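Hi,

Here is the structure I promised to pass on. Have a look at it first, and then read on for what turned up.

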Amino acid sequence: MTVVTAPTAAAVADRSSACSHVSPRMSSLASSPASERFARGQALLREVAGPEGPALLDGLDGIAPDLARLTVEFGYGDVYGRPGLSLTQRQLINVAALTALGTAAPQLRFHVDGALNVGVAPAGIVETVLHVAVYAGIPAALNGMAVVKAAFAARPDLDFSPARSGTDGAETLRERHERGLAALDRIDGEAGERVVASLADIAPVLADYVVDFAFADVYSRPALGLRTRELATVAACTALGTAGPQLRVHLHGLLNVGGTRDEAVEAIIQMAVYAGFPAALNGITAAREVFAERDAAGLAGA
């Protein structure tokens with residue numbers, strides 16, 4: 001028979017001490033009124049959604065008014081109000097993550113409109129959704145693009161012309177593949193090369209598709225910079241919750257193309273709002289491992 005004993009007073013004290021750790025953020029906010037969170041969140045919500053933004057949550061009054069309040073306080077007052085990412089970056093990573101999840105079309109529409117409101121170019125929104133086809137599949141990108149199309153149609157004065165591929169018909173398949181390999185090396189470096197090499201003995205054609213479609217066809221498109229693409233990829237892979245190895249590769253990639261550790265961490269923290277705390281916690285674990293690996297190897301990346 002197993003005997004369960006009560007914890008000693010010392011053990012309880014140790015546990016209490018560990019759980020009562022006060023973060024630098026909490027120390028700085030200790031004397032701030034809690035109402036400031038709501039006011040700060042409302043201001044940011046208006047900036048993203050326009051003057052009528054807070055009214056979008058009025059529909060919760062009859063069933064869950066506290067959910068509306070928590071959305072404003074936590075989602076906007078706490079998370080969106082943090083430094084480290086601009087509003088344009090925050091909106092684009094939301095578009096990427098919600099497209100990848102494929103289960104939140106109304107929220108995707110909200111954040112497509114929000115991206116336009118804070119100054120994201122229409123082409124950048126389209127390109128972000130197209131980019132997610134690599135990580136969540138073409139159906140997810142098609143569904144996301146339908147949401148984008150509806151948002152653009154509601155703004156008849158929007159200045160947007162669809163972009164065409166920058167390649168010409170004279171490029172050979174070999175040249176396309178070499179262009180993809182060059183992009184893979186520039187973005188993901190050794191981490192990406194290991195992925196391709198790991199497929200050689202079982203599915204070499206899949207390795208070719210990674211190089212040709214993901215890197216030659218998608219990553220090489222000019223409408224979105226590599227840093228933004230990698231930030232969107234980190235958000236999408238975190239939100240999916242099923243792509244830990246790929247998240248690690250693209251955390252390396254973000255740092256390789258000039259992104260910062262702070263940007264990576266902020267993108268993952270933001271996913272707690274849109275994909276849940278488990279997804280964000282797993283993402284932070286991946287980031288910690290990648291940062292430690294780069295430190296041990298003496299690799300660049302702030």
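This is a predicted model: local features need pLDDT of at least 70, side-chain atom pairs count only at pLDDT 80 or more; totals for chains, interfaces and linings use all residues.

Residues are numbered from 1 along each chain as its sequence is written, and side-chain values use heavy atoms, with hydrogens and water left out.

The chain has 15 helices and 0 strands; both are DSSP runs numbered from the N terminus (helices H or I, at least four residues; strands E, at least two). As for contacts (heavy atoms within 4.5 Å), take those between residues at least 6 apart in sequence: 74% of them join residues at least 24 apart.

Gly41, Leu44, Leu45 and Val48 are the buried residues of α3. Seen down the axis, they fall within an arc of 105°, so they line one face of the helix; the arc is that of the directions from the helix axis to the C-beta atoms. The cover over these residues includes α4, α5 (87-101) and α6 (105-117). After α3 comes Gly50, with a positive phi near 95°.

Now the rings. There are 4 aromatic pairs in the structure, counted when rings of Phe, Tyr and Trp (its six-membered ring) have centres within 6.5 Å; planes under 30 degrees apart are stacked, over 60 edge-to-face and the rest tilted. One of them joins Tyr76 and Tyr80, a tilted pair at 4.9 Å centre to centre with 45° between the planes. These two tyrosines are 4 residues apart in helix α4 (residues 65-80), so about one helical turn separates them. Tyr76 is buried at 5% relative accessibility, and Tyr80 is buried at 3%. Another pair is Phe152 with Phe160: the ring centres are 5.2 Å apart and the planes at 65°, so this one is edge-to-face. Phe152 is buried at 10%, whereas Phe160 is partly exposed at 28%.

Back at Tyr80, Arg90 lies over the ring face, 5.9 Å from the ring centre (the cut-off is NZ of Lys or CZ of Arg within 6 Å of the centre and within 35 degrees of the ring normal). Which residues does His111 touch, not counting those up to four places away in sequence? They are Tyr76, Tyr80, Gln91, Asn94, Val95, Leu98 and Tyr274. His111 lies in α6 and is buried at 3% relative accessibility.

Last, the inside. The largest nonpolar core has 61 residues, of which Val112, Ile125 and Leu251 touch the most other members; such a core is a set of buried Ala, Val, Leu, Ile, Met, Phe, Trp, Tyr and Cys residues joined through side-chain atoms within 4.5 Å. Beyond its neighbours within four places in sequence, Leu251 contacts Val234, Ala264, Ile268, Ala286, Ala287 and Val290. Apart from this core lies another of 5 residues, among them Ala100, Val132, Ala232 and Ala236.

Cheers

Conventions. Buried means under 20% relative accessible area, exposed over 50%, partly exposed in between (1.4 Å probe, protein chains only).
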